[in-house]
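Subject: Structure handover

Hello,

Here is the structure for you to look over. My notes come after it.

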Amino acid sequence: MQPVLEMKDITKTFPGVNALDNVNLTVMPAEIHAIVGENGAGKSTLMKVLSGVYSHGTYSGSIIFEGLERQFGSIADSENAGIAIIHQELALVPLLSIAENIFLGQEPARFGVINWFEAFERTVGLLKKVGLKEHPNTLVTNLGTGKQQLVEIAKALNKQVKLLILDEPTASLNETDSNALLALLEGLRAQGISAILISHKLNEVRKVADRITILRDGKTVDTINADGEMGEDRIIRAMVGRELTDRFPARNATIGEPVLEVKNWNVFHPIHGDRQVVRDVSLTARAGEVVGIAGLMGSGRTELAMSLFGHAYGQKISGEVRIKGKPADVTSIPKAMKAGLAYATEDRKTYGLVLIDHIKHNVTLANLEDVSNNAVIDDLKELGVANKYRKDLAIRCSSVFQLTVNLSGGNQQKVVLSKWLNAEPDVLILDEPTRGIDVGAKYEIYGIINRLAESGKAVVVISSEMPELLGITDRVYVMNEGRFVAEMPTKEASQEKIMRAIMRSWEN
């Protein structure tokens, strides 16, 4: 059988960086082909070459699609050939309808007049294919992330896609939406559509992929069949080039006095003032302790964290916060920071970093006073601080003058942590600290969390990955529908106990 896609000896360089080094990839008809590798391994760069983001001539090597050598000069060229890419950051216009998004730039028209009846009719058929029942007039902004992903796929199907590329499609989805998306991929495969799946979630890769290509340091390491006998350990070993005998570093916790105490915390929705999203929550985190907050998507975990951090979320907020035994004023972000709180957001690209600025400025952003003299930034002092954190947290970059947008996800997360460590907080709240980063980088982040706790700080970790919480915390709170429904020492916790606590709260 002839491959639908062959990428041969693809080499792509940036100033000072060899991003791809003679990479080879073959995709067969009606195949789900996964690409895995650490952040910075070259996965997204390879897909940008394939989809025309990096045009022919900016790289060396050849692309053969459906038996013909292709020289894509733009995304439009690859789409016209039948290749569509869905990026992790969705390319939808929030205030346009589903139909308008699907046909954007390809509106059915005659004599310059758009035929909206035809557009709506075709949209209904496309939505049915991807399992959506929404009306074509529904604004995209009113859809959840999972449904927006499906709209993106419907948009691709409208372009007669033959090869669908998905870059971390389930990174921000809950388990239900993730399973629905993977089931759709399997359905498309049955219809003869090939797919390339980039994902860090190896359980999902093993579930749906026919074959897996592993990249490391811009090179093809191996291509293997993803049968049931393919263990995660072998994949991880190939990805990181070393054994990860233990996914989580050992913790030697020395737990002291309470640092953060929250009592009877209540928060209402910022727009719908009659809807309470956090209900009578009380929380304690001690010096040297890593406290986890488990819960399903929408349980109120992020809303709790953001409301504690300077009332960044919600209205009609009430309750008491004490830090190191003293009442803390957290009614604004500057006051919360002054009180000793830091919050690393789950959305580092939107809220955690200034992506178009370099590492040096991002690291010092939360504590400019520390690198200033009489309100004027001391450039040499700022450079020294940035280089210190670059070394301490092993940020992989050409220099601290590298733009943050060009870092891998794991290194971006290290910059976020550097920014808050430089603010010298007593309490760090880390919201999904390892979302969208690979297993090797995760291990490094876990090591940083351990060092923070060992230095006497109180660390609160919110994570949707229960094995992660069970691997790095000392104590776990379970949250559901805005309430804490259970609390347990991690050594007595399990995924089953956590889910049982959530189910019981619904029964009551």
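What follows is a short tour of what was found, by topic.

Please keep in mind that this is a predicted model.

Helix packing

Start with helix 5, residues 145-158. Its axis and that of helix 6 (residues 175-190) come within 9 Å and cross at roughly 15°. An angle under 35 degrees counts as roughly parallel, and therefore helix 5 and helix 6 are roughly parallel to each other. Their crossing is right-handed. On the helix 5 side, the contact is made by G146, L150, I153 and L157. On the helix 6 side, D177, L181, L184 and L188 make the contact.

Helix 4 (residues 116-130) also packs with helix 5. Here the angle is about 120°, and the axes are 9 Å apart. Helix 4 and helix 5 are therefore oblique to each other. This crossing, too, is right-handed. R122, L126, L127, K129 and V130 come from helix 4. They meet L150, I153, A154, L157 and N158 of helix 5.

Aromatic rings

There are 5 aromatic pairs in the structure. One of them joins F309 and Y343: the ring centres are 6.0 Å apart and the planes stand at 45°, so the pair is tilted. F309 sits in the loop between helix 9 (301-308) and strand 16 (315-323), while Y343 is in strand 18 (residues 341-344), so the pair ties together parts that are 34 residues apart in sequence. Both residues fall under the 20% cut-off for buried. F309 has a relative accessible area of 5%, and Y343 has 8%. With W420, F309 and Y343 form one aromatic cluster.

Two lysines lie over ring faces. K316 is over the face of F268, at 4.4 Å from the ring centre. K388 is over the face of Y389, at 4.5 Å from the ring centre.

A buried asparagine

Which residues does N422 touch, leaving aside its neighbours within four places in sequence? They are V363, T364, N367, D370, V385 and Y389. Y389 is also the ring under K388. N422 itself lies in helix 14, residues 409-422. N422 is buried, at 4% relative accessible area.

Loops and backbone

H272 is in the loop between strand 13 (258-268) and strand 14 (276-286). H272 is partly exposed, with a relative accessible area of 43%. H272 and Q315 are 43 residues apart in sequence. In space they are 9.4 Å apart, C-alpha to C-alpha.

Two residues deserve a look for their phi. Most residues other than glycine have a negative phi. A375 is not a glycine, yet has a positive phi of about 70°. A375 is found in the loop between strand 19 (372-373) and strand 20 (376-377). E432 is not a glycine either, and its phi is positive, near 50°. E432 has its place in the loop between strand 21 (427-431) and helix 15 (439-454).

Are these two buried or exposed? A375 is exposed, with a relative accessible area of 78%. E432 counts as buried, at 5% relative accessibility.

Best wishes

Definitions and conventions
Residues numbered from 1 in each chain as written. Predicted model: local features only at pLDDT ≥ 70, side-chain atom pairs only at ≥ 80, totals over all residues. Heavy atoms only, no water. Phe/Tyr/Trp six-rings, centres within 6.5 Å; stacked < 30°, edge-to-face > 60°. Helix = DSSP H or I, 4+ residues; strand = E, 2+ residues; numbered from the N terminus. Buried < 20%, exposed > 50% of the residue type's maximum accessible area, 1.4 Å probe, protein only. Lys NZ or Arg CZ within 6 Å of the ring centre and 35° of its normal. Axes fitted to C-alpha atoms, helices over the stretch in contact; angles between N-to-C directions. Parallel < 35°, antiparallel > 145°, perpendicular 65-115°, else oblique. Left-handed = near helix turned anticlockwise from the far one by under 90°. Contact = heavy atoms within 4.5 Å.
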